[in-house]
Amino acid sequence: MRWLLVLAAALLVVPMHLSLSSPLPLAEQAAVLWRGSAETLAEVTFLHGGAPRAVIALLAGAGLGLAGSVMQQVTRNPLVSPLTLGTSAGAWLALVIASVAAPALAASHGVWFAMTGAILSTGLVLAIAGRQGIGGLPVVLAGMAMTLLLQAVATVVVLTHDQYVRNLFIWQAGDLGQTDWRWVTWLAPQVAAGLVVVVLCKRPLTLMRLGAEAAAARGLALIPFLLVAVLAALWLTASVITAVGVIAFIGLLAPNLARLCGARSAAAELVTSLILGAVLLLATDALALYASRFTRDLVPSGASAALVGVPVLLWLTLRRLRAADHAPLSLPVGALRVSRLTWAALAVAAVALPLLALTVGRGPAGWSIGWPSDLVLGLRWPRVLTAAAAGAGMAVAGVILQRLLRNPLASPDIIGISSGASLALVATVVVLGGSIHEAGVPVALLGGLAALAVLLLLGRRQGHAPNAVALVGIALAALLDSLLQFALARGGDEAYMIIGWLAGSTFRASAGQGMALAAAVAAAAAATLLAHRWLTLMAAGEPFAAARGLAVGPARMLLLALGAMTAAAVTSVTGPIAFVGLIAPHMAVLLGARKVAAHVVLATVLGAVLLVASDWLGRTVFHPVQLPAGAVAAVVGGGYFIALLAGQGPLRGLRGLGRMASGWGNRAA
Amino acid sequence: MRVLLPALIAAATAVVAAVAVVAPAAPARAEVTVTDSRGSHTFAAPPQRVVALTWSLVEHLVELGVTPVGVADLEGYNTWVVHPPVPAGAVEVGLRQEPSLERIAELEPDVILASDDQIAFVPQLETIAPVLHYTAFSSEHDNEAVSRQHFREIARLLDREAVAEARLADLDAALAALRQRVQALYGDTPPTVTVVRFADEARVRVYGDNSMSSAALKALGLTSGIAVPRSRWGFALKPVQDLGAIGDGVLVYVEPLEKAEALLNTALWQAMPFVRGGRVAAMAPAWTYGGAVSVQYLAEGIVTALESLAAGHR
């Protein structure tokens, strides 16, 4: 019944979109379409501009909605989408690299690069998340991690080759503007082919809801079917990304809204998602068209989709995601306790690496080793200090969040604290103009706090389910991304300053800032050590902590605030530093840190050492071209992290799909 | 001789004394005070070794006949700006957003020139050498007029004021000559000329108020067919459809255009009034965010494009 309403909405949105994109009255538009030819300029811009734009919005939206529905049905996970699986980031990185390495080839065959990148990155994320993870939060967090890693690599390329990739930003921002029917005729068969595959999958998808045994009893081989369905969805997504650029959220929202509209059976969910996706994208594009009337520069559709999508996503979070996630991602655990050798090695590294960063550099005659002149020392030590403090700070924040949320993937960069701080700064620059470096520390702190407030607010309603926390992070990161893309698509050199800042650099930190940050981080680490009993109790479970006499609510609030403020302080000085907060705590566990105190100390030292080394590498490897420490850390740390996850069994994901299917039977029962 | 020698000695003493008295007020190598975005700075002598961290500053120096000892993203300059070419001897000091401070320090500069967003790391640069920071692009001022001010100010700093005035006079003469050529083409009623750079086949950057391209148009006595309100960099991103507003005017697009075939074959493009009327021309690659003299290179590009168009019609 409700999908009739959806159809009615579609009938309303189409004329709205058409009248926004063309000055021609609707009756004349119809006449032009009927004739199939155009005379005046207004008729031509309608026939080859406005009309194909509406059609491609419908096609792309339908494709994204359908792909999202297939992925969510196959994985039984309402959080799965191109946005959350790293698909978009993979396509983006592939195209950036191609544009720099072979500009001509990228201009003519960009499609294939984007497609390859999208399929590779998504495949990797699915494989990493594996059997248990694919149905829950882990696949989403792995997707976020993959997105962060791929974006960091892309940032390095963009920063060193800014002029080559300038025009790609528009594609990344996802604008639906058309100049003829070429992309429509390219995309239509892809979507049609996807539709055929999906129709063939309808029966198996329905059967699978009964469980693997029931499906097998009816002679259905699940594994090949699952593979085909997933590949078809990926192909659909990649074609849409290739044709119109990165448009997030539609694939995530449409299937969720479809279920909300009462689509129960597999077929109903597919059809409703398809229609909803088309209507949603058309509506957000109409919004972009309308907004463009009031702005100097055109507003990309992807940006308006994100602006609409974020609130809807948060609303959905409140409404639907009550249940706690019972499929935590397990990372490999290492030694049972920290050996003396480990402590000694770390102590040596903690002294040796800063010394190395201070004394080894590159000069006109190649590498130079020795105590630097006062001038050079004055240039180096604030960077080393800032890097150490920032690394340590992210590690402390990571330990707190991972212990508190009982999730090894929770870290300030993934759950949105860094994004919140960055978002506040980027928004200030985009809206008010000026330089991102003038916006300053208070704005970043405010942004971090706002992100925390949203987290706490949602957390209270959700019982702090990891799902909700992760979704806030994803929503904020997506919002940041869309704002950034709006700024980048517009052009202007301040955009590169923003990218440089978002990569996380110690370059601009003054001696005073470095010392202030070091003091703040030291205080945060000391506070965490003082509160180690709280963390120990809470990590064991909140009822347990309450039984032991801990005021769980206030303690959780205080600890979350401590972690968020530390991360925001670091972000305000250096820009967001990705992965250090994720992997330093984890490496500490791997080295045997089980108790909170040891965990904090070990992770802090590891974080500091990691970022000091990254800063030094960024400064020397391509001298005199410098790479931001945060980008180097993200590439190194992200690589380590992906290798760590993938190392647990490269084919785990594929094998997992089968086992997962048998798991559903149990869940349904 | 006996009279001459004491007289000579006396004269010499007098000269020395005079010099000694006058010297603090007027030394041989004049002290120079210049103003940048932050206030006034005094140099004991005109700086010899100059590091320039943005491309418009590099252009200013090269036009003054000064070879900077260090240039940020020299490779990029040679690829994208090209004119005027930087003489050999300048050293790469890294990217513009994050130059290598150690490489700059090695060059032992007398002054470091920075502009716009680089204000963020001026304090770090100042530990190496005196820094002059200029706000070259801003929506609050006329970029072109300010670029001339900066050109003169930098010339004064380097004791090259005569060179600067001569170069600006050349520039004005060249612009006047170019204006004559435009008049020869169109008489007193030139069409509107809209300068754009294609972002891809469906979107275009239209240069408008406060861009160096619009300064070049103004010097040529031309106006743009699409009004783009004043902004920091002087352009707006628009869908290709919006170019229809040009009507009877001429469209000049800056090369390189990577997807030329994809764009030039679309039905929409073919229907544009300037395409139907054969009033569209490509302009040789030129840096659209340069300094004072870049206006000349842009104006030359525009006029050459317009002339090729007229030649094609004949």
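Two residues are taken to be in contact if their C-beta atoms, placed from the backbone, lie within 7 Å. The tour below applies that criterion to a predicted model.

Begin with chain B. Where they meet, eight residues of domain 1 of chain B are in contact with seven residues of domain 2 of chain B. On the domain 1 side, colour helix 2 (55-63) and helix 3 (74-81) of chain B, the elements that give two or more residues to it. Helix 2 of chain B gives the most to that side, with five residues. By class, the domain 1 side comprises three nonpolar, three polar and two charged residues.

Next, display the largest nonpolar core, which has 328 residues. Those with the most contacts inside it are A:Ala60, A:Leu282, A:Leu611, A:Val612 and B:Ile302. This core lies between domain 1 (32-134) and domain 2 (173-312) of chain B, because both give residues to it. Centre the view on A:Leu282: beyond its neighbours within four places in sequence, its contacts include A:Val13, A:His17, A:Ala54 and A:Gly61.

Finally, turn to the contact between the chains, which takes 47 residues from chain A and 48 residues from chain B. On the chain A side, select the elements that give two or more residues, among them helix 5 (103-133), strand 1 (360-363) and helix 16 (374-404) of chain A. Helix 3 of chain A gives the most to this side, with five residues. The chain A side has 18 nonpolar, 21 polar and eight charged residues.

Notes: Residues numbered from 1 in each chain as written. Chains lettered and ligands numbered in written order. Predicted model: local features only at pLDDT ≥ 70, side-chain atom pairs only at ≥ 80, totals over all residues. Helix = DSSP H or I, 4+ residues; strand = E, 2+ residues; numbered from the N terminus. Nonpolar A, V, L, I, M, F, W, Y, C, P; charged D, E, K, R; others polar. Core = buried A, V, L, I, M, F, W, Y, C linked by C-beta atoms within 7 Å. Buried ≥ 20, exposed ≤ 12 C-beta atoms within 10 Å, placed from the backbone. Domains from an automatic or database assignment.
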